[in-house]
Amino acid sequence: MVRKEKLDSMFNAFSIVSGENYVYVCDMKQDLSRWSKSAVDYFGLPSEYMENAQSIWNEHLHPTDREYFNESINAIFAGSDNNHTLEYRARRLDGEYVVCVCQGVVIHDDDGKPEYFCGSIKNHDSVNFIDDVTNLRSLYGFLDDLKSAFWKKQELDILMIGVEEFSRTNDIFGYTFGNRALRKLGSLLLS
């Protein structure tokens with residue numbers, strides 16, 4: 001259980017700095033990985049926690065991209081490489097392929113042995129799903145959530161809120177004030 005808690009702690013740390021990239025952290029000693037929930041939903045992965053994620057992810061890659069992906073990951077797990085940057089095509093839940101760039105690094109234990117493989121995957125098909133000012137889902141994020149719910153055949157309730165003529169607030173009080181007001185509104189909506 002201690003190793004899973006460490007895995008979660010590292011995952012949370014990487015998630016903070018990942019932006020909109022999908023984060024993964026793999027405990028190399030147990031071959032247990034944790035992946036971003038958004039990646040799980042977008043690509044139709046079995047769970048946030050996966051044993052032997054290489055094999056699972058491999059099945060989501062375009063067949064012509066699998067060989068060099070596996071070469072790189074095998075080198076990571078063999079200890080002959082400490083990082084990788086790969087571009088490949090990955091299959092979305094709807095069966096279409098999108099271009100992704102994966103970057104990862106190995107974190108070693110006190111004895112210098114590979115312990116964790118951590119990184120992120122940038123989906124070049126995605127646009128800005130999070131609004132930079134409010135940290136809420138943007139219109140693109142909202143539409144992506146709708147598409148995901150449609151694929152899963154989930155029922156949902158929708159509430160859309162718009163602020164009319166907000167540009168006047170920026171014109172009168174400035175963007176700093178306007179951004180603070182939007183962040184406060186976003187915080188109120190989340191709470």
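Predicted model: local features only at pLDDT ≥ 70, side-chain atom pairs only at ≥ 80, totals over all residues.
**Exercise 1.** Find which residues of α5 are buried and which are exposed, and work out how they are arranged around the helix.

*Solution.* Start with the extent of the helix: α5 runs over residues 139–152, and its 14 residues reach 20 Å from the first C-alpha to the last, close to the 20 Å expected at 1.5 Å a residue. Next, pick out the residues under 20% relative accessible area: Gly141, Asp144, Ser148 and Ala149 are buried in α5. They cover an arc of only 140° around the axis, so they lie on the same side of α5.

**Exercise 2.** Identify what the buried residues of α5 pack against, then look at what comes just after the helix.

*Solution.* The packing partner of these buried residues is α2 (37–43).

**Exercise 3.** Describe the largest nonpolar core, and trace the contacts of Trp35.

*Solution.* First, the core itself: it has 26 residues, and Trp35, Phe43, Trp57, Tyr88, Phe117 and Ile121 have the most contacts inside it. Then ask where its residues come from: among the elements giving two or more are α2, α3 (53–58) and β6 (114–123). Now take Trp35: beyond its neighbours within four places in sequence, its contacts include Val40, Trp57, Ile121 and Phe11. Phe11 belongs to a second, separate core of eight residues, which also includes Val23, Val25 and Cys118.

Conventions
Residues numbered from 1 in each chain as written. Heavy atoms only, no water. Helix = DSSP H or I, 4+ residues; strand = E, 2+ residues; numbered from the N terminus. Expected span 1.5 Å × (residues − 1). Buried < 20%, exposed > 50% of the residue type's maximum accessible area, 1.4 Å probe, protein only. Arc of directions from axis to C-beta. Contact = heavy atoms within 4.5 Å. Core = buried A, V, L, I, M, F, W, Y, C linked by side-chain atoms within 4.5 Å.
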